[in-house]
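Dear colleague,

I am passing on the structure that we spoke of, and the notes on what was found in it follow below. Please read them with the coordinates open beside you.

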Amino acid sequence: RPLSAAEVTQIHGAQGTIAVTPGGGGPFTTIQSAIDAAKAGMTVVVPPGTYDEDIVMKNHVDVIGAGPGVTAIVGDPGGNDPVVAFDPGTDARLSGFRISGGDPGNLNNNAQNVIDIEDSSATLSNLYIENAKNSGVMIDIETADIVRVVASVIRHCGESAVQLKDLDIGSALLENLTIDEIGNRNLGSGRGGGVMENDSAGRTAIRNCIFSRCYPFAISVTGT
């Protein structure tokens with residue numbers, strides 16, 4: 001059974017919580033409007049529903065959905081911007097959503113990456129990430145940050161489920177992931193795979209992950 005907004009609030013604490021009210025009845029009808037209003041240390045609680053928007057996370061503001069089976073964020077088909085962006089210096093947690101790059105029937109028309117993380121300490125958990133032209137999660141950190149992607153599903157992405165770049169002093173943990181249907185031969189890139197690490201110092205830990213239907217590799221490491 002999905003969690004209601006009230007139940008999520010109870011779990012995470014009523015103090016410092018902002019609830020999204022997509023049907024009205026409150027000041028924040030979109031996820032982004034609630035994030036923009038939140039102060040550091042607050043949690044944005046998102047009830048079941050489909051939210052057609054791209055969002056930019058804020059430092060020390062967590063965003064929690066009612067579960068990936070009932071709470072979805074869907075990007076704009078034809079747009080190149082990520083559906084969720086962690087701009088540099090954003091330490092935050094995202095959990096409890098299905099996040100789609102757009103049209104499942106035409107990856108070439110979808111967001112380049114569903115989630116972009118740049119120079120941030122982000123935690124992603126309990127997510128169902130799908131339908132990216134390139135990568136489900138792009139991690140590009142040249143700083144001493146730690147990115148955690150755990151207990152999630154990443155599927156139907158044109159190039160890679162997770163791509164990691166420039167992790168010379170930063171690190172990443174990929175744990176308890178199900179990665180499926182990655183790599184679209186029609187894109188013609190000839191590279192990619194389930195997890196693709198480029199120009200890094202091999203600072204990625206991969207634990208208890210399931211790979212299936214990944215083309216051309218389950219894990220690809222180059223330029224380390």
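Predicted model: local features only at pLDDT ≥ 70, side-chain atom pairs only at ≥ 80, totals over all residues.

**Backbone, contacts, core and pocket**

The peptide bond from Tyr 215 to Pro 216 is cis, with omega near -5°, and Pro 216 sits in the loop that runs between β17 (210-214) and β18 (219-222). These points may deserve a look, because most residues other than glycine have a negative phi, and most peptide bonds are trans.

Turning to side chains, Arg 155 is part of strand β12 (residues 146-157), and with a relative accessible area of 18% it counts as buried, because the cut-off is under 20%. Its side chain makes a polar contact of 2.7 Å with the side chain of Glu 181. Beyond its neighbours within four places in sequence, Arg 155 is in contact with several residues, among them Tyr 128, Asn 131, Asp 180 and Ile 182.

Ile 182, in strand β14 (residues 171-182), is buried at 0% relative accessibility. Outside the four places on either side in sequence, the contacts of Ile 182 include His 156, Cys 157, Gly 193, Arg 213 and Tyr 215. Between Ile 182 and Asn 131 there are 9.8 Å in space, C-alpha to C-alpha, although the two are 51 residues apart in sequence.

The largest nonpolar core has 51 residues, of which Phe 86, Leu 94, Ile 99, Ile 115 and Ile 139 touch the most other members. With neighbours within four places in sequence left aside, Ile 139 is in contact with residues including Ile 117, Val 147, Val 162 and Leu 167.

Finally, the largest pocket holds about 160 Å³ of space. It is lined by 14 residues, and those closest to its centre are Pro 82, Ala 85, Phe 86, Asp 87 and Asp 116. Two or more lining residues come from each of β4 (55-56), β7 (84-86), β9 (113-118) and β11 (135-140), and β9 gives the most, with three. By class, the lining of this pocket has eight nonpolar and six charged residues, and no polar ones.

With kind regards

Key: Residues numbered from 1 in each chain as written. Heavy atoms only, no water. Helix = DSSP H or I, 4+ residues; strand = E, 2+ residues; numbered from the N terminus. Buried < 20%, exposed > 50% of the residue type's maximum accessible area, 1.4 Å probe, protein only. Polar contact = N/O pair within 3.5 Å; in protein donor to acceptor, adjacent residues only side chain to side chain. Contact = heavy atoms within 4.5 Å. Core = buried A, V, L, I, M, F, W, Y, C linked by side-chain atoms within 4.5 Å. 1 Å grid on protein atoms, 1.4 Å probe; cavity = no way out; pocket = protein on both sides within 12 Å on 5 of 7 lines; lining within 4 Å. Points joined across faces, edges and corners; volume = space filled by probe spheres on them. Nonpolar A, V, L, I, M, F, W, Y, C, P; charged D, E, K, R; others polar.
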